[in-house]
Amino acid sequence: MIKPVHTNFMELCFNARSENESFARVAVAAFLSQLDPTIEDLTDIKTVVSEAVTNSVIHGYEEDPEGVILIRTEIEGTKICVQITDYGLGIEDVAEARQPLYTSKPELERSGMGFTIMENFMDEVMIHSKLGEGTTIQLVKQLTPQSQQSLVN
């Protein structure tokens, strides 16, 4: 018998302030805790949320605290999708922005590794951006609950 897949989601909307980055990562982690993820999976997800929110604050809104960031997190079975959206400047060349060490703000001494980190920690990373309208980053990962981890090893 095939079990039906149930979808659950949550949405957050907050100002583009750097101090809200830690709130975003903890809120997403708390929502995903119902899946009993491994510490490694949870750490990876918190890291990519942090990278995406930081990109929105610094690059999307150029640290304008009036900007708004929207996070939608969906659970479908043990697959998670985290979508981070800003309505800021947008990215002129997404392919260039995805290159390791690329940064549009070298004066801030940023490493330019945000998208590379996201791509290494998640199964799928999709970036949709339009100049003057903003950016949406969709992050997808299939989790292995801790209760099943011992069966894998």
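## Helix 2

In this predicted model, helix 2 has 22 residues and spans 30 Å from its first C-alpha to its last, close to the 32 Å expected at 1.5 Å a residue, where the expected span is 1.5 Å times one less than the number of residues. Helices (H or I, at least four residues) and strands (E, at least two) are DSSP runs numbered from the N terminus. After helix 2 comes E62, whose phi is positive, near 50°.

S50 is a residue of helix 2, and it counts as buried because its relative accessibility is 14%; buried means under 20% relative accessible area, exposed over 50%, and partly exposed in between, with a 1.4 Å probe and protein chains only. If its neighbours within four places in sequence are left aside, S50 is in contact with E21 and R25, contact being heavy atoms within 4.5 Å.

Five strands form an open sheet in the order 1-2-3-5-4, and their pairing is antiparallel; two strands pair if DSSP finds at least two bridges between them. The edge strands are strand 1 and strand 4, each of which pairs on one side only, and the twist averages 10° from one strand to the next.

Strand 5 takes part in two of these pairings. Eight bridges join it to strand 3 in the antiparallel sense, with K141 of strand 5 as the bridge partner of I80. Strand 4 and strand 5 are antiparallel too, over seven bridges, and here I127 has I137 of strand 5 as its bridge partner, while E124 has V140. Strand 4 and strand 5 form a hairpin with three residues between them, and in this turn G132 has a positive phi of about 80°. Strand 5 is mostly covered, since seven of its nine residues are buried.

## Helices against the sheet

Helix 1 lies across strand 1, strand 2 and strand 3, and runs at about 170° to strand 1. Axes are lines fitted to C-alpha atoms, for helices over the stretch in contact, and angles run from 0 to 180 degrees between N-to-C directions. Helix 4 packs on the sheet as well, touching strand 4 and strand 5, and its direction makes about 25° with that of strand 5.

## The nonpolar core

The largest nonpolar core holds 34 residues, of which I69, I71, I80 and L139 touch the most other members. Such a core is a set of buried Ala, Val, Leu, Ile, Met, Phe, Trp, Tyr and Cys residues joined through side-chain atoms within 4.5 Å. Among the elements that give two or more residues to this core are helix 1 (20-32), helix 2 (39-60) and strand 5 (134-142), and the largest share, seven residues, comes from helix 2. Leaving aside neighbours within four places in sequence, the contacts of I69 include L12, F14, V53, V57 and I84.

## An aromatic pair

A search of the whole structure finds one aromatic pair. F14 and F23 form it, edge-to-face, with 6.0 Å from centre to centre and 90° between the planes; rings of Phe, Tyr and Trp (its six-membered ring) pair if their centres lie within 6.5 Å, and planes under 30 degrees apart count as stacked, over 60 as edge-to-face and the rest as tilted. F14 is buried, with a relative accessible area of 8%, whereas F23 counts as partly exposed at 41% relative accessibility.

## About the model

Residues are numbered from 1 along each chain as its sequence is written, and side-chain values use heavy atoms, with hydrogens and water left out. Because the model is predicted, local features need pLDDT of at least 70 and side-chain atom pairs count only at pLDDT 80 or more, while totals for chains, interfaces and linings use all residues.
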